[in-house]
Amino acid sequence: MGLLTALAFGAGAAGTVAAAPAVLAVVGFTSAGIAAGSIAASLMSFSAVASGGGVAAGSAVAICQTIGAVGVSGVATAASGGVGVL
């Protein structure tokens, strides 16, 4: 992999991680909770039905709601971007 390719991948990963909280808010994971009638509400409903009536702690929906509610710290952003979590 060339230097320019590596830089492009790095910039893309950083941009994706930085945009994650804004994208989550648009789909309904807000600081006030999951927005009624949103994509997030549909995901929460599906997750609750699939897990027998509640959203499981540590599930993708739970993690997205946490990020939507409190955001992501600089250290967590750097760590998750470095390993491709967000």
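1. Gln 65 touches Phe 29, Thr 30, Gly 33 and Ile 34, leaving aside residues up to four places away in sequence. The model is predicted. Gln 65 sits in helix α3, which covers residues 60–70.

2. Is Gln 65 buried or exposed? Its relative accessibility is 16%. Buried means under 20%, so Gln 65 counts as buried.

3. Just after α3, Gly 71 takes a positive phi of about 80°.

4. Now helix α2, residues 39–50. How far apart are its end C-alpha atoms? They are 16 Å apart. The 12 residues, at 1.5 Å a residue, should span 16 Å, so the model agrees with expectation. The expected span takes 1.5 Å times one less than the number of residues.

5. Which residues of α2 are buried? They are Ala 40, Ser 47 and Ala 48. Seen down the axis of α2, the buried residues fall within an arc of 100°, and therefore line one face of the helix. The face turned away from that buried side carries exposed Ile 39, Phe 46, Val 49 and Ala 50.

6. Look at both ends of α2. At its start, a side-chain oxygen of Ser 38 comes to within 3.3 Å of the backbone nitrogen of Ala 40. Ala 40 is also one of the buried residues of α2. Just after the helix, Gly 52 has a positive phi of about 90°.

Technical notes:
Residues numbered from 1 in each chain as written. Predicted model: local features only at pLDDT ≥ 70, side-chain atom pairs only at ≥ 80, totals over all residues. Heavy atoms only, no water. Helix = DSSP H or I, 4+ residues; strand = E, 2+ residues; numbered from the N terminus. Buried < 20%, exposed > 50% of the residue type's maximum accessible area, 1.4 Å probe, protein only. Arc of directions from axis to C-beta. Polar contact = N/O pair within 3.5 Å; in protein donor to acceptor, adjacent residues only side chain to side chain. Contact = heavy atoms within 4.5 Å.
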